[in-house]
Amino acid sequence: MWNPDYPTWDLVEDLSGEPWSPPGARTQPITGDRDAQALADRLIAALNDQDCAALLLIGRTSHPGHFRLQMRAENRRLEGSGRLDETGPGVMRVTAPVAEMLRDLTAAGLPVIAASDAEDDAGSYILYRALADLPDSLNSPSIGLLRAPDGATEEAMRTAIKAAASAMARHLTPLPRSSAA
């Protein structure tokens, strides 16, 4: 969640103290920040770390009713008009498996749509920054943006985040086995 005021759910679901993780992956929650530029910098640094292969941004949508998977990010400044990067592309596509995420969210019983329109908020800004900073390689991280409607319950948020993260995790290279095994 890029806005720390947005409620979601506690990723530590049991007494182990370990955050929930989808099969074959390990979650690393990064808390929101009121300074979207600083948060984008932290997320980009995490993506550049060899242990981070995916980023799922989570936030609110300004549209009523459905969860939304944002498929594109527009090149625009956080505040005001104009392009963030004068030489960068005007629009970038997310690298997350949107069709599979959409299928899993629908199978979980959630109302969801895939949307091409960007919203004028920190989430769209952070999404563009993360995508624009990706290296040109076949091993580029999977980056996606899940938006929740106002009034989404904690249970719906938990279900949506788990479904989206699990779909992303199925496309990742498996974690290396411990050398102690």
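Modeller: We can go through the sheet, then the helices, then the salt bridges. Keep in mind that this is a predicted model.

Colleague: Sheet, then. What is the strand order in the open sheet of four strands?

Modeller: The order is β1-β6-β2-β5, and the pairing is mixed. From one strand to the next, the twist averages 25°.

Colleague: Which strands stand at the edges?

Modeller: β1 (54–60) and β5 (112–115). Each has a single partner strand, so one side of each has no neighbour in the sheet.

Colleague: And in which sense do β2 and β6 pair?

Modeller: Antiparallel: strand β2 (residues 67–70) and strand β6 (residues 142–148) are joined over three bridges. L69 has L146 in β6 as its bridge partner.

Colleague: Which strands does helix α3 lie across?

Modeller: Helix α3, residues 122–132, lies across β1, β2 and β6. Its direction is at about 175° to β6.

Colleague: Now the other helices. At what angle do α2 and α4 pack?

Modeller: About 145°, with the axes of α2 (residues 98–107) and α4 (residues 154–169) 8 Å apart. The crossing of α2 past α4 is right-handed.

Colleague: Which residues meet there, α2 against α4?

Modeller: From α2 they are E100, M101, D104 and L105. From α4 they are A160, A163, A164, A167 and M168. By class, this contact of α2 with α4 has seven nonpolar residues, two charged and no polar.

Colleague: You mentioned E100. Is E100 buried or exposed?

Modeller: E100 counts as buried, because its relative accessibility is 16% and the cut-off for buried is under 20%. E100 also forms a salt bridge with R103, with the closest N and O atoms 4.0 Å apart. The two are three residues apart in helix α2, so about one helical turn separates E100 and R103.

Colleague: How many salt bridges does the count come to?

Modeller: Twelve. There is also a network of salt bridges that links R68, D117, E119, D121 and R147.

Conventions
Residues numbered from 1 in each chain as written. Predicted model: local features only at pLDDT ≥ 70, side-chain atom pairs only at ≥ 80, totals over all residues. Heavy atoms only, no water. Axes fitted to C-alpha atoms, helices over the stretch in contact; angles between N-to-C directions. Left-handed = near helix turned anticlockwise from the far one by under 90°. Contact = heavy atoms within 4.5 Å. Nonpolar A, V, L, I, M, F, W, Y, C, P; charged D, E, K, R; others polar. Pairing = 2+ DSSP bridges. Salt bridge = Lys/Arg side-chain N within 4 Å of Asp/Glu carboxyl O. Buried < 20%, exposed > 50% of the residue type's maximum accessible area, 1.4 Å probe, protein only.
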